Amino acid sequence: MTAPGGERVAELVAQEAELVFPRFTHDDAWRLGSLLVEMAREGGAAVTVDIRRGGQQLFHHALDGTTPDNDAWLARKARVVERYHASSLLVGERFRAKGSSFEESSRLDPDLYAAHGGAFPLRVAGVGVVGVVAVSGLPQVEDHALVVAALTRYLAEADA
């Protein structure tokens, strides 16, 4: 029997297992970031997009309607991915599935870490997590869904 929230956790784990790059270059960051911006514009979403690899910011764009607060959310969500090597939504769901919350049980400063959806690990086959792609501006599940949709599309087009 699956524990409460276990199905959601399993779904998020499966996404991460599927969305793996053969490599991740500066050019990949530019193309993925541009795709995210394009998809956000098509959906009328006011978001900020950020892509980092190894501590270096490779892409950043804030669409009209965003504020500096979105940058703060990006940084907090990205720190969660960097620490746990899992999407910020998955980390939060794992805590909720155990009947707690990230804020209550992680012992991490909530001003620096946020296990809210929208940051996703950039995983390279045979290497592991090399960076983070993050979106802020929508409700957390929608931020996560936008990132997953862009990664899915990007990797499908790269395989074509």
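Modeller: A charge counts as sitting over a ring if NZ of Lys or CZ of Arg is within 6 Å of the ring centre and within 35 degrees of the ring normal. Arginine 76 meets that description over the face of tryptophan 73, at 4.4 Å from the ring centre. Bear in mind that this is a predicted model.

Now the rings. Searching the whole structure gives 5 aromatic pairs. One of them joins tyrosine 84 to phenylalanine 102. Their centres are 6.1 Å apart and their planes stand at 70°, an edge-to-face arrangement. The two residues come from distant parts of the chain, 18 residues apart. Tyrosine 84 belongs to helix 3 (residues 68-84), phenylalanine 102 to helix 5 (residues 102-105).

Tyrosine 84 has 31% relative accessibility, so it counts as partly exposed. Phenylalanine 102 has a relative accessible area of 2%, so it is buried. Phenylalanine 102 also pairs with phenylalanine 95. Here the centres are 5.4 Å apart and the planes meet at 90°, so this pair is edge-to-face. Both phenylalanine 95 and phenylalanine 102 are buried. Elsewhere, ring pairs tie Phe21, Phe24 and Tyr154 into a cluster.

Helix 6 covers residues 140-159. Its 20 residues reach 29 Å from first C-alpha to last, close to the 28 Å expected at 1.5 Å a residue.

Next, the charges. The structure holds 8 salt bridges, and among them is a network that links Glu38, Arg153 and Glu157. Start with arginine 153 and glutamate 38, whose side chains meet at 3.3 Å, N to O. This bridge links distant parts of the chain: arginine 153 lies in helix 6 and glutamate 38 in helix 2, 115 residues apart. Arginine 153 has 29% relative accessibility, so it is partly exposed. Glutamate 38 is partly exposed too, with a relative accessible area of 37%.

Glutamate 157 and arginine 153 form a salt bridge at 3.4 Å, N to O. These two are 4 residues apart in helix 6, which means that about one helical turn separates them.

The side chains of arginine 31 and aspartate 28 meet at 3.1 Å, N to O. Arginine 31 is partly exposed at 41% relative accessibility, whereas aspartate 28 is buried, with a relative accessible area of 2%.

To recap: phenylalanine 102 pairs with tyrosine 84 and with phenylalanine 95. Arginine 153 sits in a salt-bridge network with Glu38 and Glu157. Arginine 76 lies over the face of tryptophan 73.

Technical notes
Residues numbered from 1 in each chain as written. Predicted model: local features only at pLDDT ≥ 70, side-chain atom pairs only at ≥ 80, totals over all residues. Heavy atoms only, no water. Phe/Tyr/Trp six-rings, centres within 6.5 Å; stacked < 30°, edge-to-face > 60°. Buried < 20%, exposed > 50% of the residue type's maximum accessible area, 1.4 Å probe, protein only. Salt bridge = Lys/Arg side-chain N within 4 Å of Asp/Glu carboxyl O. Expected span 1.5 Å × (residues − 1).
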